Amino acid sequence: MRGAREKKYLVAGIAVVSAIIVLIIAGVVALIAQGPLSQQEARVEVSSPAPTSSIAATAEPSVSPELIVADGTCVDPSSVDRSDPDKVAEAVMSISFCYDSVLDATTTDAMRRAEPLMSENMRSLLVDNGRNALSSQFLEAAKGRGYSFVDVVSVGSDAHGSEHGSGNYQVTKMATWKWKSRDVKGTMDGGYAVWTMTLIQDESGNWVLDSYQLGAFQPAF
């Protein structure tokens, strides 16, 4: 009886020890399997730093320089001798027909650039109704990002202008314009226009355009 009980206890003890050994081995295996995964996660975190401000700056697209109206060929109103009414009249007409097919929506945009040489009355007449009298030319010139260049001459009996007793100055001038492309060589005919202009002196004694009458307007197309 006693020998049988001892044998029974021995078998039970062996079973318990075996179970413990199995649990220990399973734990070791789990730790081994988990170790490389943790190292991999650590490597991922180290190799993926947050972007710095210098990286963000290099990602910004470059900005192209802005275009200048007619590449700067239009007359600058500030350069005009306003003590000479004939030069003021010539400058106003030259600026008014100096178009840029990229930057101007209508011909009125060109006339507005001459506003420093106009009276308040003349400026009030520059109302843009959204229509472009030279829309076909603007569209054709825009294919090469074109702009116009202008030649202005005095014509008729008022070739040298004339002053009246009221202090007004009248002169008739003709503007001829052509188109030049920014992208390809060559020019395109624009047309011609004739204005009879009336100038007055402002409070500072400078001559300004007060009104004009359209004598002719002949676009090439």
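What covers the buried residues of helix H6 includes H4, strand S3 (169-180), strand S4 (187-201) and S5, where contact is heavy atoms within 4.5 Å. Helices here are DSSP runs of H or I with at least four residues, strands runs of E with at least two, both numbered from the N terminus. H6 spans residues 135-142, and its buried residues are Gln137, Phe138 and Ala141. They cover an arc of only 100 degrees around the axis, which puts them on the same side of H6; the arc is taken from the directions from the helix axis to the C-beta atoms. Buried means under 20% relative accessible area, exposed over 50%, partly exposed in between, with a 1.4 Å probe and protein chains only.

This is a predicted model: local features need pLDDT of at least 70, side-chain atom pairs count only at pLDDT 80 or more, and totals for chains, interfaces and linings use all residues. Residues are numbered from 1 along each chain as its sequence is written, and side-chain values use heavy atoms, with hydrogens and water left out.

Next, the disulfide. The structure holds 1, counted as a pair of cysteine sulfur atoms within 2.5 Å. Cys74 and Cys98 form it, with their sulfur atoms 1.9 Å apart. The pair links distant parts of the chain, 24 residues apart: Cys74 sits in the loop between helix H2 (53-58) and helix H3 (85-96), Cys98 in the loop between H3 and H4. The torsion about the S-S bond of Cys74 and Cys98 is about -90 degrees, so the disulfide is left-handed. Both Cys74 and Cys98 are buried.
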